[in-house]
Amino acid sequence: MSLMFIMFLSVLVVTCNATKDIFILAGQSNMAGLGGVYNEKWDGDVPQECKPSPSVLRLNAKLVWEEAREPLHRDIDTRISWGIGPGLAFANEIVRMRGGGGGRYVVGLVPCAVGGTRIEEWRKGSRLYNRLVKRSIKSVNNGSVIRALVWYQGESDTVREEDAKAYKRRMERFIHNIRSDLKLPNLLVIQVALASGDGKFLNMVRYAQLSIKLPNVRCVDAKGLRLKGDNLHLTSMSEVHLGIQLAHAYLASTNHHFNYTQIS
């Protein structure tokens, strides 16, 4: 065993036990990420912004911290092959802006997204909701703090008009419940306004997302980001750009200067 490898393991052990700023990643397929997935297989190409770092960890499906690598959701939703999502670009940008590379500042990511899910499937008491709460609670140790829930979901709610009409009410209820169950009444929620949808009620869901005015809820608009050939999922570089914008939204909100960001 080489000295370099032993040093790497030592840094990783220290980092896994370090105090972390924790971010919950939840929603559906564009949060989990299908960037670089073609014919149901990921091409393995990792953009520079998504490269692994000792400063960015992932809580895996067994509730164990490990170095974060793409695809972040590979063992969370195992029905399909995942690729690049916004999570690692988001975390790496926060580390870069904080000046905390090399494990001096540690970000912990808690992937929870599941593809093809409607907001109603995340209602309090559901399997998805309960797993999100469980994973979030298990992520907090050694003084670590949950800093935000990053949410990208709603494409499946564009299919039926009744779901689209109910989206704002259901999302606001979800935010209230998750804050209550995590005992974080001021938890920052950064949601993504949709770039695409499964059905014809896309604009109705987008309007609901953009009109939520609850305290400490921010919105990053994905409209205009490049889509894959299915006209539903973001490309790898679109996921990267989104992740960076989400990071800037988080950093700006912590400085009380952020209200709304549109991606150009």
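Good morning. In what follows, a helix axis is a line fitted to C-alpha atoms over the stretch in contact, and angles between axes run from 0 to 180 degrees between N-to-C directions. The structure before you is a predicted model.

With that in mind, I begin with helix α4, residues 127-138, and its partner α5. Their axes come within 10 Å of each other and cross at roughly 40°. The crossing of α4 and α5 is right-handed. On the α4 side, the contact is made by Y129, L132 and V133, and α5 contributes F174, N177, I178 and D181. By class, the residues of this contact of α4 with α5 comprise five nonpolar, one polar and one charged.

As a general point, rolling a probe the size of a water molecule over the atoms shows where empty space is left. How many cavities of 30 Å³ or more does a search of the whole structure find? The search finds one. The largest cavity has a volume of about 50 Å³. Its lining consists of I119, E120, W122, R123, K124, Y129, R170, R173, F174 and N177. Helix α5 provides the largest share of that lining, namely four residues. The lining of the largest cavity has five charged residues, together with four nonpolar and one polar. I would draw your attention to Y129, F174 and N177, which belong to the contact of α4 with α5 and also to the lining of the largest cavity.

Helix α5, residues 161-181, also meets helix α6, residues 202-210; here the axes come within 8 Å and cross at roughly 10°. The two helices, α5 and α6, are therefore roughly parallel to each other. In this contact, E161, A164, K165, Y167 and K168 of α5 meet M204, V205, A208 and Q209 of α6. The residues of the contact of α5 with α6 divide into five nonpolar, three charged and one polar.

The next pair is helix α3, residues 87-98, and helix α7, residues 236-254, which pack at an angle of about 45° with their axes 7 Å apart. That angle makes α3 oblique to α7. The crossing of α3 and α7 is right-handed. From α3, the contact involves A89, F90, E93, I94, M97 and R98; from α7, it involves V240, G243, I244, L246, A247, H248, Y250, L251 and T254. Sorted by class, the residues of the contact of α3 with α7 are 10 nonpolar, three polar and two charged.

Which residues lie nearest the centre of the largest pocket? They are R147, N186, L187, L188 and N216, from a lining of 14 residues. Strand β7, spanning 145-152, and helix α7 each supply at least two residues of that lining. The lining of the largest pocket divides into seven nonpolar, five polar and two charged residues.

I close with two details of the backbone. A cis peptide bond joins E70 and P71, with omega at about -10°. Residue P71 is found in the loop between β5, residues 65-67, and α3. The second detail concerns E40, which has a positive phi of about 65° although it is not a glycine. E40 lies in the loop between β2, residues 37-38, and β3, residues 41-42.

Thank you for your attention.

Key:
Residues numbered from 1 in each chain as written. Predicted model: local features only at pLDDT ≥ 70, side-chain atom pairs only at ≥ 80, totals over all residues. Heavy atoms only, no water. Parallel < 35°, antiparallel > 145°, perpendicular 65-115°, else oblique. Left-handed = near helix turned anticlockwise from the far one by under 90°. Contact = heavy atoms within 4.5 Å. Nonpolar A, V, L, I, M, F, W, Y, C, P; charged D, E, K, R; others polar. 1 Å grid on protein atoms, 1.4 Å probe; cavity = no way out; pocket = protein on both sides within 12 Å on 5 of 7 lines; lining within 4 Å. Points joined across faces, edges and corners; volume = space filled by probe spheres on them.
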